[in-house]
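Come along and read the entries with me.

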Amino acid sequence: MEVCAARAPGKIILAGEHAVVHGSAAVAAAIDLYTRCSLCLMPLADDEAATTLELDLKDPSLTFSWPCGRLREVLLTDEAAGVREARPCSPDRLASIARLLEEHEIPEAKIWLSAGLSAFLFLYTSILGCRPGKVTVSSDLPMGSGLGSSAAFCVSMSGVLLTAAGVVTAVGGISGEGMGWELVGKDDLELVNRWAFQGEKIIHGKPSGIDNAVSTFGSMIKFKKGELTNLKSSNPVKMLITDTRVGRNTKALVAGVSERASRHSDAMASVFNAVNSISEEVSSIVELAANDEIAITSKEEKLAELMEMNQGLLQCMGVSHSSIETVLRTTLKFNLVSKLTGAGGGGCVLTLIPTMLSNLVLEKVIAELESHSFRCFKVEVGGQGLQVCQGGCSYFNGDVV
Ligand SMILES: Nc1ncnc2c1ncn2[C@@H]1O[C@H](COP(=O)(O)OP(=O)(O)OP(=O)(O)O)[C@@H](O)[C@H]1O
Ligand SMILES: C[C@@](O)(CCO)CC(=O)[O-]
Ligand SMILES: [Mg+2]
């Protein structure tokens, strides 16, 4: 029984969501909340009826299983057809995957999982064929809330599958972490990113690629038309994340913005253009070195103003929500600026935490936000991207320990 695992981080978008789908620049950073996938490859048995592909989702505690013979029959495939180039999921293959999912009773309240399950079946069978195995997924990220849960799912899944296929290899441990997680070389990361993007297309419809890129490569990045620039943030950027717990779906929100853009093409082109300028300015500001209190405060004031402007333009795109407006009003009472992050329509909101803000005030802000039944997270911004744990990693109940 071969065992390997991968973990990939969620993300925040500091500026540029939605506009990035239409060619504007955006700025995003990895956060220290992860999705972890582990894989046990089972030996091939003579009795095919006995072999299955199993997916165990720890959150929300559901298990799915497909007989390998049934996968072969419906997908008309056995061997994976070369994994060094990521292939898109054809409409025929997506229809076959939908048939396989229909054979499962997905609870009505969890029907939103179908997109993730489709991406899983596509990635698994494309990379490993119809081999028997058990994949376990657990995540720190709220799903469908703007923190890139779909991208972290596709990146960690692609990472573990490509590691098992022997085409991605670990290059060394992470200092200070004795958990067996290792980094991955640049070319391997590029390959994982291309596969994860194909998975994101199944979940998002028309992703820009920013979420899978920041989850794969980590750090803080500027992203424009598929081009990625690493940003060296010279001072820590502190953000509070508030999850409004209002569920929404990125695919529908992205489609809604595109429809508005086709109804008002000139006006929306100006909106996207303004967002592009905001993202360019945000990316230069985060790289500015500020060495004293005055310089740090001035840098933070500029960032806050740009976030406020970006939020106004997201309202123009039609992706704000009354719950987001409540967060904005609440934090403004403490002179703090917030903007939605990710696709909006509910989900998560970012609040810039100035370096000089006292912990006492921050705790008051959190208490007031939580009195609205929102959930707050303090996160580290700009950390590592994909990490893997190859062979030899101890495996316990789906967690790498
Ligand atoms: N751990 C997971 N297990 C199974 N499916 C998942 C998991 N994480 C994400 N998904 C799939 O991704 C979908 C959520 O993706 P969606 O793009 O709508 O939100 P998000 O990625 O959290 O937010 P954003 O795209 O705005 O950053 C879920 O409905 C599910 O289908
Ligand atoms: C809304 C969006 O811009 C970001 C979602 O995190 C979609 C995308 O870029 O794929
Ligand atoms: Mg997503």
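How far does a polar side-chain atom of S208 lie from an oxygen atom of ligand 2? I looked it up and found 2.6 Å. I count a polar contact as a pair of N or O atoms within 3.5 Å.

A note on the source: this is a predicted model, where local features need pLDDT of at least 70, side-chain atom pairs count only at pLDDT 80 or more, and totals for chains, interfaces and linings use all residues. Residues are numbered from 1 along each chain as its sequence is written, chains are lettered from A and ligands numbered from 1 in the order in which they are written, and side-chain values use heavy atoms, with hydrogens and water left out.

Next I checked other polar contacts of ligand 2. For K11, I found a side-chain N or O atom 2.7 Å from an oxygen atom of ligand 2. D211 also places a polar side-chain atom 2.7 Å from an oxygen atom of this ligand. The protein buries 98% of the 300 Å² that ligand 2 exposes when taken alone (Shrake-Rupley method, 1.4 Å probe).

Then I turned to the magnesium ion, ligand 3. Its protein donors are S150 (OG) and H204 (NE2), lying 2.1 to 2.2 Å from it. Donors here are N, O and S atoms within 2.8 Å of the metal (3.2 Å for Na, K and Ca); water is not among the atoms, so sites may look incomplete.

Conventions:
Polar contact = N/O pair within 3.5 Å; in protein donor to acceptor, adjacent residues only side chain to side chain.
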